[in-house]
Amino acid sequence: MGMVENTIIKKSAEKGVLDINKIRKDFPVLNREVHGKKLVYLDNAATTQKPRAVIEALVDYYSNTNANVHRGLHTLAEEATSAFEETRSLTAGFIGAEEPAEIIYTRNATEAINLVAYSWGRKNIRKGDRIVLTEMEHHANLVPWIVLAKETGAELAYIPIDDNGCLDLDDLGNIITPNTKLVAFMQMSNVLGTINPAGEIIEKAHKRGAITLVDGAQSAPHMPVDVKSLDADFYAFSAHKMLGPTGVGFLYGKREILDRMEPFNTGGEMINEVRYDYADWNDLPHKFEAGTPNIADVIAFKPALEYLNNVGMDAVREHERELTEYALGKMLDLGFVKIFGPTDSAHRGGAISFIVDDIHSHDMATMLDTRGIAVRAGHHCAQPLMKRLGVSSTTRASFYIYNTREEIDEFIASLVEIRRYFSNV
Ligand SMILES: Cc1ncc(COP(=O)(O)O)c(C=O)c1O
């Protein structure tokens, strides 16, 4: 599996930052048709498509290596272990972690957050403590804390959103009280697209002595991230939302915090010594990785990261910012589309939630699908946010490095046709 040639960054402002035609050739699925139309994949906030290098890495691993990691003394086991650990090093570099051991493999971002809720939360959160979240959280960064608060008697408090879909930080000093133990928030909203000022929130939390967890499921794939300069204590994200395979997620944690935590799952691989009545724990990161991990998918995530590194995360962000600005402008020009979240592309990512008249989001998504356009419809795992916005669901279009202005034009033309169809019946 070769490195991707670094020729995909284009400097021409007129045509955009990236050479999209070249990028698109790397994604086999983009050639398929849906209902006789060329696929327009605008469901990237749910999961992204995979470049050929990732698909080939999976086939290559199962065809030529396939062995369990960290325990064998034969060649295949050594090769598998070293590839498995190479992904960890690359992931650490990608988000600016101090050392690879601060990266824990999980199944997804959800499991990474649950790991913190169980291992850190159950030891450190007591009755009367406060956990601060935001009104825009995904269920993944909501339900684990609701459960923990219920179990411990801790209270939950929420940073509100304003009518623009941005966090209202005016009262942050009062929301993060001296009894606040944890501030957990998303860096980029999967519904509103909002990019939250993570550094500012973390600084305020630390001043109160609280620990911070950043849900990076939507930010790590779409913008440069540096956990060290953010000073985040925990950072959770998923491989499948950033060109990688499903079944792999990551928890970054500062070593001094991870070292003091008890394991999440127990069993093989995570131990140092076991007797019939005793067990103690392996070093980081193995302490948190009980049992046989998802070796193949971890290994196949490496070419995904290499792909993103080659494009450059600044270029990824700039391409999506341009596309988002273009799409927002066109959608607002239609005059009948209600958009949720900021309409200034400088402060948001490429997830655009919207409704058209009283057309149900499921009808909208189904009609778009008949035109080959894949979007998401529903509550986007953010039921409390839907309530706050006064809707039961929205339709969401979301972009990635392979999306084009032409695809957005098709999407816009379809919105016009679908609205016409529904107003005629
Ligand atoms: C903001 C946010 N957090 C967490 C998650 C959960 O990610 P996963 O399902 O990969 O665990 C998602 C997935 O959509 C998300 O958008």
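Start with the C-alpha atoms of the two domains: the centres of domain 1 and domain 2 lie 28 Å apart. Colour residues 20-47 and 313-424 as domain 1, and 56-309 as domain 2; these bounds come from an automatic or database domain assignment. The model is predicted, with local features needing pLDDT of at least 70 and side-chain atom pairs pLDDT 80 or more, while totals for chains, interfaces and linings use all residues. Numbering runs from 1 along each chain as its sequence is written, and side-chain values use heavy atoms, without hydrogens or water.

Next, select the interface. Here 34 residues of domain 1 touch 33 residues of domain 2, contact meaning heavy atoms within 4.5 Å.

- Asp215: a polar side-chain atom lies 2.5 Å from a ligand nitrogen.
- Lys241: a side-chain N or O atom is 2.6 Å from a ligand oxygen.
- Gln218: a side-chain N or O atom is 2.7 Å from a ligand oxygen.

On its own the ligand has 390 Å² of accessible area (Shrake-Rupley, 1.4 Å probe), and the protein covers 89% of this.

Stay on Gln218, which also lines the largest cavity. A cavity is a set of points on a 1 Å grid over the protein atoms alone where a 1.4 Å probe fits but cannot get out, and lining residues have an atom within 4 Å of a point. The largest cavity holds about 40 Å³, volume being the space filled by probe spheres set on points joined across faces, edges and corners. Select its lining, including Met188, His222, Glu320 and Phe399. Each domain supplies at least three of the lining residues.

Terms used
A polar contact is a pair of N or O atoms within 3.5 Å; within protein, one must be able to donate a hydrogen and the other to accept it, and residues adjacent in sequence count only if both atoms are side-chain atoms. On a 1 Å grid over the protein atoms alone, a cavity is a set of points where a 1.4 Å probe fits but cannot get out, and a pocket is an open set with protein on both sides within 12 Å along at least five of seven lines; lining residues have an atom within 4 Å of a point.
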